[in-house]
Every structure is written in structure tokens, then in C-alpha cells.
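Biologist: I would like to learn how to read strands, helices and contacts from a model. Please take me through them one by one.

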Amino acid sequence: MIKNSAKYFFICLFALFTFVSSANSAEIPFLAEKVAADDLPAMKERLPEKPLIVDFEATNKTLGKYGGDLRLLMGKAKDLGQITVYTYARLVGYAPDYTIQPDIAEVFVVGDGRDFTFKLRKGHRWSDGHPLTSEDFRYFWEDMVKHKKLGKKGIPSQMLVDGKEPTFQVIDEQTFRYTWEKPNPSFLPALAAPSPLYIYRPAHYMKQFHADYADVEELERQAIEAKARDWAAMHTRMQRQRRPENPELPTLQAWQNTTPPPNTRFVFERNPFFHRVDPLGQQLPYIDRLTMAVVSKDVIAAKTGTGEADLQARYLQFSDVPYLKRGEKRNNFTTRLWSLGKGSQVALFPNLNANDEVWRKVLQDVRFRRALSLGINRKEINEVIYFGLAYPSANTVMPQSALYKNEYSQMWTDYDKEKANSLLDEMGLDQRDPDGTRLLPDGRRAEITIETAGESAEETDVLELITDHYREIGLKIFVRSSQRDIFRRRAYAGDTLISVFSGLNNAVATSAMNPEELAPTDQAQLQWPKWGQYSGTNTKAGEPIKMDSAMVQLQLFNQWMLADNDEDRTEIWHNMLSGYAGQVFSIGTVNNSRQPVVIANDLRNVPENGIYAWEPTSYFGIYKPDTFWFDR
Amino acid sequence: MSDSHYVNDQPFDPKSIEVLTPEQEAIYLAPQKKLIWWKFKRHKLAVASGIFLAIMYLMTVFAEFLAPYSVESRNSDYTLAQPHDVNFFHNGEFIGPFVYGYDKELDLEKIQRIYTPNKDRVVKLNFFCSGDPYKFWGLIDADNHLMCADMEEPVYLLGSDTLGRDMLSRIIYGARISLTIGLVGIAISFSLGIIIGGLAGYYGGWVDVIAQRLIEVVQSLPTLPLWLTLVAIMPSNWSQVAVYFAITIILGLIDWTGLARAVRSKLLSLREEDYVLAARLMGASPKRIIGLHLVPGFMSHLIASATITIPTMILGETALSFLGLGLRAPTVSWGILLNDAQNIGVVALTPWLIYPVVPVILIILAFNFFGDGLRDASDPYG
């Protein structure tokens, strides 16, 4: 009976398929039943009037078939947030050339760098079928940010210019505008970020949890039931965009979570109202479901090697590659080696704010930092640890970036012991102990403790090589590893002399992206935590910058913040890159090292070579996983 | 005739009833120590273990000489090389111990270095030769090694690690920390055990009650989580030496309870003995009575139980370092070496990185057999 009915169903389906495909809009098999039962409108009605047509030609993508489950492995339940990084539907987002293009928005217009008008796609709907309108943006701005109870945390920092907020204006159902008094160049990059500024919420859904729209007493009662402190806490919990913990929450992403946490396996199903289509006008995504299994991060490489993931890069390391390669044939996957998009895989950060006065003076001397850079044998590091596949480079942008210049990556990076030694002698560190270790001006031995967060074996290996290299220039290195929190706290407090971390987060930058990493703007910058804190907190905490070259970087950054055209921004970026390279504020080793990306053999449209980075690629995000499909 | 009690006026020779052979006589007249030794000797496994342990501890003393390379010496041309096979015959001819040099190849497809023995390159092994210079015990400059290769080519009898360092040398150096940590730890637990157990057993009463409860509390703590917390609150800026001592102290502080119990129960029975009463009547202080009259009475037992607890300490250090919570590189211990081998690929591709497990297992077994033998021997009449 079952067999028969299944057969009947397929015949029907086939008939339906041929029927609609002749109308050039074949229904997606996964949804066909619902559409047939009138639970869902047909594809045409589900799409906006002007859907986003993904350019398949530009990125060498092929037209796909619907269906399949994409299996991912994650190390913790919090990694739920990674899915919205991967799926990467944004109001505006980075295109493959790293320019910011409309995505959920149909168009956007920027006036004088301070006035941003967005127009939504007419007929665009949330995953529950409710239209997406200006009201959803108004709800975020007026009912959340400006609300006296929900907006307690204040206005998101990217929406403040000189401490001033924008004026928000709804123009019609689809159009709205944010206007600042001065340019706000960090607004668009914030919207396009992997962990973006979400300036919209599904108002129709959220209003039932909002005291202005629902009965407060009833809400408070529900809040107690849901073990929330009050209605505001419950509202916050229900509205999370980045980590889709609430399966009821309508989404604009390609897949919607259907599993409430806590769980060890999360299933995401396709959003029937997703706004992107392939060149034939077929609605994306091709893949029906994503499944995310949460396992211990230590076994992810092992599980991937036995074919338990269709697309996996997170928690895989370069050192796992030989193991992964071994399992390829048996388990039908391929290990591709993408470029890691960091300024330097492992970089040293001399702490210019160190508490030790003698050391601080030494570290602030550019000759010392240059000598540190010249003293590293990057070729050996590359050969031993990265199989010669990476590029020896300073901590700067990668050749893939439009802003790249050879001099930025090569300045002070040749392995030149004599020059390093003569620089150190010249700055007055010419006295040595019998074992060859230099003496500081106050007679102490030049013993430097390099601190690490102790998170990767790769880092430890690189440091062991560097320890040997530095012995040759008369510096004795000790490595101390701790945990990330302690590591950071010590650096912030000035207890650390040199810290080790990965280099620039965004090494494929364009002039439109924020150059904040090149200037003291944030406490988290390990080479100048106190100065960064000072300018990052508007002089409320930290210490004023007392070094001309660092001041120059900050001034350039401030100019960028006020620049209203791309030419100026490009010039400022170049000035900052060249200043950073010349002053060697951080010491890079190699970049462009490889990230293993494991891809099932029948998964199509995943690029052969990509850049694996948090920003701007959002890991897989800009390669549009909604266009990936299974050739089965 | 009234007195019918008969007394034989012939001299009595006890040997006429029970004739002792010279061996038997030796046994009856032998002091306690000798008896223990005799009994111990009969436990062949224990003797073998004892010899093995002695060799291992000697090794830690002469690590610099025994290790073919210094602990930091690396050859970045030979990373993750598999162990060399030692051969004696080349082309059917005996030429003494040698290995075949490796041909290197970089397999960029598999991202792996491939080493194949080249039958034409004979690398002879020399003994008592000059190699990496070192400072013996941190004092004397020397460069003598038990074994080195005669060419520039490195020889890895147990393979090399990710940076091209000799595993054999690192295992030998690692023994220093891994083996001594047990001794330091045991010294602490020993003193704590004897003092607390001794006081509880000798005085009894409320002292005993408090000690007993304390022991129960410490024993009921789950050890692994406790180690983890204690290690976690250790300041991160401590030097490796300080961390090492802190870990031994932590291990020792947890481990004294079993010993304290044993001491207490022994003392409870021994303090009722007549000689203790005699000593007390003569005005000996409790310190003297415990130290001079009671503890020697069960010292052998203490030593036996100590040898059995040392493995716990060694395993403790290995476990903590393996989890990345104990000592850290560049210190070398077996646990740290094993920590490097956590990667799944190791088991499949570079199994020699797990070799430090072998000495750990052997040492633990040896200590157990040795302790067994000692315990049996400590009661020679049993």
C-alpha cells in the first residue's frame, strides 16, 4: 500500500514537475507537497518581485539540483551562531570582490558618507510568510534601541558618530533612511560583518513579547514561566538574530533552525521565502537541510576523516591534513587547502605599554623592533611548519587584497643576522654576557618572556624556532603559555613584554573597510593596549599616546573616519599600511598559510581555492552556501 | 625418699632434641634486615623490577651523557622522521651497528614528508663520542655521548617530532621530571602521613577523631577534578620550577591519607606492647617513643606502601601534563611529550610520538612489582 501510494505520489510529483517546469518555475520537491496542499504559495509568490539573482558566471558556479542534507560538525552548542556566519544573508554584504553590495536591500544610496537610504525588495517575506517592511527597522530603532527598558545597553557603537546618534526616518513601506551629522564610514562594514549589526527585527512576531504592544501582566506571567527575569529579558531571549536559538523566530537567512537548544544535533530547514534565485530564476538554496552535530572539538578531525561531515573547516588544523588525506578515498571527500585570511599566521606583539621602564624604552625604539623582525628566519618557519606553502611576510595585508604592495609585506623581513645585530649594537645594547646574551642598559640580561594564550601547537612550534633564531642575535627567549583571559589581562596591564597572537584579522581589506587594526583604537590590540583603550574609550581610561609614530597612525585613522570619498580613503589606507610596516608595530612571520576545507565529493559550487577568514569572507559566507548543491 | 622429684644431673644439650643445620642457625640468629633481604631475594620479579628502577634512576642522573642529542637540538630537515632500524650486516658483511640514511621527499599532495632508507648510505653508530655540547649537572662543560652517528646525518632510534628533535633524547630527559616528581611528592605525603597518622594512633581520643575525619574528607574528594582546580588557581606567571613544585605538593597533599591510616592502625596496636610501656615508665617523651620505638617497627611496611604510591604520583603528573594543565613546554616530561601526541593523526601516521607511554607503563609496573616484593619481605615470618 505504502509503496503504491509512494509511487503514486512520485508520479504526481513528476507530473507536477513537468507541468511547472514548462512554466519555467519548477516547484522545489521539498516544498511541493505543502504547495500542493495550499499550505504554501507557489514559488513565484514566495519570491520578492525583484529577487537577488546570484551571478553564477562571475564565480564559475553551475546550476544545481534541489535536495540533500549538508552535514556540519561543531564543537559547542554556542556554534549555532556560526550558521548565520556561513549563510551570510545581510542587509548589505560583501561581494566576491569585497565590495559592499545590496543583498536583503534592493538598493542603498549613501549621501556625503553620512546619509544612508535603503530600499527593501517589494514582496520580500520573512520565513513565516509575513512581509518584510520598514516597520521591522522602525521596530528595532524605536521599540528596542530607544526603548527605556530594552535599550538600556545603549545605542550600538557603530551607530554613534562622535557620540551622536542618527535620525531615523521611514519614507514608505520599503524605504527608510539613517542620517548622521558627520560621515559614518563604519556603518556599512558593520552591516556586512560576519557578526553584523542587525538593525531589523521581525516586528510582527516580536510585538507579542513587547510590553508596548501586549498586556504587561500577561507578559510577566509568561516570563516567569520561561524562567526569565522580566518581560525585557524574555524579549531579548526571543529575538536573537546571530544565534538562532528560537526556532519560532522568523528569519531572512537561507535556512531556519527547527531545533530548540539544548541539543546535540540541530536541524535547519530551508526558508521557503528566501530572496535569492539562480540565473534560471529557481529559488535558492539548493540544499534542503543543514544538520549541525555538536561533538567535542577534539574529535572533529577524526570524525571528519571518517566522512561524517560534508563541509568542514572549523576546528581543522593544517597538521590534520595528512590524516584527512588518508581518509579521502574511502570516505568520498576531498581536502582542499584554502588560504587563511590573516595578516600573519603567528605574529609577535612587542608591548609598547610595558610597565618595566627599561624594557618599555627598548621596545619603543624602532631599531629594536626592526632587529626582532630581521632576526626571524621566516623561510625556515615556512619550510618546517607550513611545508613551504605559506608566504614569508610582515603582518600586513595579503597579496589578494587590493591594497597590497610588495614593500608592505617585505619591509624588514629578510633574514639578516648582521643587520639585526648591528641595529641592536647601535641602540646601546652592545654589552654581552659570556654566553652571548646582551645586557640591558641597567645591566640586566636581555631575557624576554614571550607570552601566548597556549591555544595551538602550531604557535608553540613557531616560538621554539624563533627562540633559536633570537639566540643568534643575543636575545634569550622564554615562552610562557597561559589561558586567553589571563594572557589578555596581563598584556592590558602592561605585565607582558611581548605577546604572540595571530596577525591582522582582515588581511584582504579594501579601502571601504575600517583600518582600525592599524592604529591604537582598542584595548585588545596587544602592541599598545593602554593607548588603544585611551582612544577607544574617548580618553576615559588607559594612557595618552606618547609616541609620535603611533600618534600618526591614530591621526590617519581619524582622517579615514571623516573621509567622504574613496580616493582619500585609499590614500589613507596606504599611508597607514606603509607607516605600520616601516615602524614594525607587530612582527609577522608567514601569512597565506593553509586551512584544510573538507568537502564531500558530490558537493558542487564550493570554490577550489578560497580565502578562509572571519572578515570579510565570513568563512564560507561570501561563497554563498545557498548555491551549493549535491550531485547525487 | 620423700622427695621423688628427679633431676637429671647429666648436662643437657638442646641440640640433641632438635639439631639445627648451619643454615637454620643462620636464619634463627639473623637480624631482621637480613631476613627481609633473604625473603625479598626470593621474589624474582621484584628483584628484576628493583634493578630496572635503579637503572632508570641512574639514567636521570646521567641523562646528558646517555641521550644522543641535547634536549633542544633539532634538525628541521628531518621533521617527523620514523625511527631508524639498526642493522649489523651490510651486503652480508658484519660492520657493526649502523643505520641507513634517509632520502627525503616532500609529498605536497598528502602534505607529508616521506623518508625512505637509502641502502647506499651507511651511517655507522659510534659509542663514547663527541656530540652536542652540554653542561653536565649544569656545572661541567662536556660533549661526550654514549652514542652518536658518524656523519652529519641525524639518527633517530625512536623517530623525531614535529620540529625534528630526537624522541629518544627527549624521553631520556623527560624521565628526569617524571621520575623525580614521584619522589618529591612521596616525601611530602610520607611526612604528612607519619605525623598525622602517628599522632592519631599514639594519642587516640579527640586527636584521633579529628585526624580520622580529616582523612575521610580528603579521601572522599574526587581527585582529578581537585587537581584540576588546584592547578587552575596556580598563578600563570609562575616559573616552570615553581609549577613543578606546586604540582608535587598538590599530588603529595592529596595522597597522604592512605599512609596515615596505615600508620595509625599500626601504632594503635604497637602502643600496647610492653616495651612501649617500659619506655613510657622510664619517662621517654612521646616524640622519642614514636620516633625511636614505634616507627622502626613498621618502617618496612611504610617503605613498601610508599613504593606502591609513587606510581600514582607519576601517573598524576602524566595525566595533568597530558591535559595541558601541569607542566608545559619547553619543560620536558613524559606527560608533555604525550600531550604533543594528542592529535588524531598521530595514531594513524606518526605512532612513534606515543612511545613515551612505554616507559610510563614499565615504570608503573616495576614499582608495583617492587612494592609487592617489599611488602612480602617486610614480614619475613609471614
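**Reading sheets, helices and contacts**

Modeller: Chain A has an open sheet of four strands in the order β5-β6-β8-β7, with antiparallel pairing. Its edge strands are β5 (105-111) and β7, each of which pairs on one side only. From one strand to the next, the twist averages 15°. Keep in mind that this is a predicted model.

Biologist: How many bridges join β7(A) and β8(A), and in which sense do the two strands pair?

Modeller: As a general idea, side chains in a regular strand alternate between the two faces of the sheet. In this case, β7 (residues 167-170) and β8 (residues 175-179) of chain A pair in the antiparallel sense over four bridges. One of the partners is A:Phe176 in β8(A), which is bridged to A:Val170. A:Thr167 has its bridge partner in A:Thr179 of β8(A). The two strands make a hairpin, with four residues between them.

Biologist: Chain B also has a hairpin of β1(B) and β2(B); how many residues lie between the two strands?

Modeller: Two residues lie between β1(B) and β2(B). In the turn, B:Asn91 has a positive phi of about 50°. The strands, β1 (residues 87-90) and β2 (residues 93-107) of chain B, pair in the antiparallel sense over three bridges. B:Phe89 stands opposite B:Phe94, which belongs to β2(B).

Biologist: What is the strand order in the open sheet of five strands in chain A?

Modeller: The order is β18-β17-β19-β15-β20 in chain A, and the pairing is mixed. At the edges are β18 (476-481) and β20 (587-588) of chain A, each pairing on one side only.

Biologist: Now helices. How should I describe two that pack together?

Modeller: Two packed helices are described by the angle between their axes and the distance between the axes. Take α20 (residues 548-562) and α21 (residues 566-583) of chain A: their axes come within 9 Å and cross at roughly 165°. Angles over 145 degrees count as roughly antiparallel, so α20(A) and α21(A) are roughly antiparallel to each other. The crossing of α20(A) past α21(A) is left-handed. Residues in the contact include A:Val552, A:Leu556 and A:Trp560 of α20(A), and A:Ile572, A:Met576 and A:Tyr580 of α21(A). By class, this contact has seven nonpolar, six polar and one charged residues.

Biologist: At what angle do the axes of α5(B) and α11(B) cross?

Modeller: The axes of α5 (residues 167-203) and α11 (residues 299-322) of chain B cross at roughly 125° and come within 8 Å. That angle makes α5(B) oblique to α11(B). Their crossing is right-handed. On the α5(B) side the contact includes B:Gly182, B:Gly185 and B:Ser189, and on the α11(B) side B:Ala306, B:Ile310 and B:Glu317 are among the residues. The contact of α5(B) with α11(B) divides into seven nonpolar, six polar and one charged.

Biologist: How many residues of chain B are in contact with chain A?

Modeller: In general, the size of an interface is often given as the accessible area lost when the parts come together. Here we can count residues instead: 19 residues of chain B are in contact with 21 residues of chain A. Helix α13 (residues 344-349) of chain B gives the largest share of the chain B side, with four residues. That side of chain B has nine nonpolar, seven polar and three charged residues.

Biologist: Let us end with a single residue. Is A:Val384 buried or exposed?

Modeller: A residue with 20 or more other C-beta atoms within 10 Å of its own counts as buried. A:Val384 has 23 C-beta neighbours inside 10 Å, so A:Val384 is buried. The residue is found in helix α14 (residues 378-386) of chain A.

Biologist: Which residues does A:Val384 touch, leaving aside those up to four places away in sequence?

Modeller: With those left out, A:Val384 touches A:Leu465 in chain A, and B:Ser76, B:Thr79 and B:Leu163 in chain B.

Definitions and conventions
Residues are numbered from 1 along each chain as its sequence is written. Chains are lettered from A and ligands numbered from 1 in the order in which they are written. This is a predicted model: local features need pLDDT of at least 70, side-chain atom pairs count only at pLDDT 80 or more; totals for chains, interfaces and linings use all residues. A residue is buried if 20 or more other C-beta atoms lie within 10 Å of its own, exposed if 12 or fewer, and partly exposed in between; C-beta atoms are placed from the backbone. Two residues are in contact if their C-beta atoms, placed from the backbone, lie within 7 Å. Two strands pair if DSSP finds at least two bridges between them. Axes are lines fitted to C-alpha atoms, for helices over the stretch in contact, and angles run from 0 to 180 degrees between N-to-C directions. Angles under 35 degrees count as roughly parallel, over 145 as roughly antiparallel, 65 to 115 as roughly perpendicular and the rest as oblique. A crossing is left-handed if the near helix is turned anticlockwise from the far one by less than a right angle, and right-handed if clockwise. Ala, Val, Leu, Ile, Met, Phe, Trp, Tyr, Cys and Pro count as nonpolar, Asp, Glu, Lys and Arg as charged, and the others, Gly among them, as polar.
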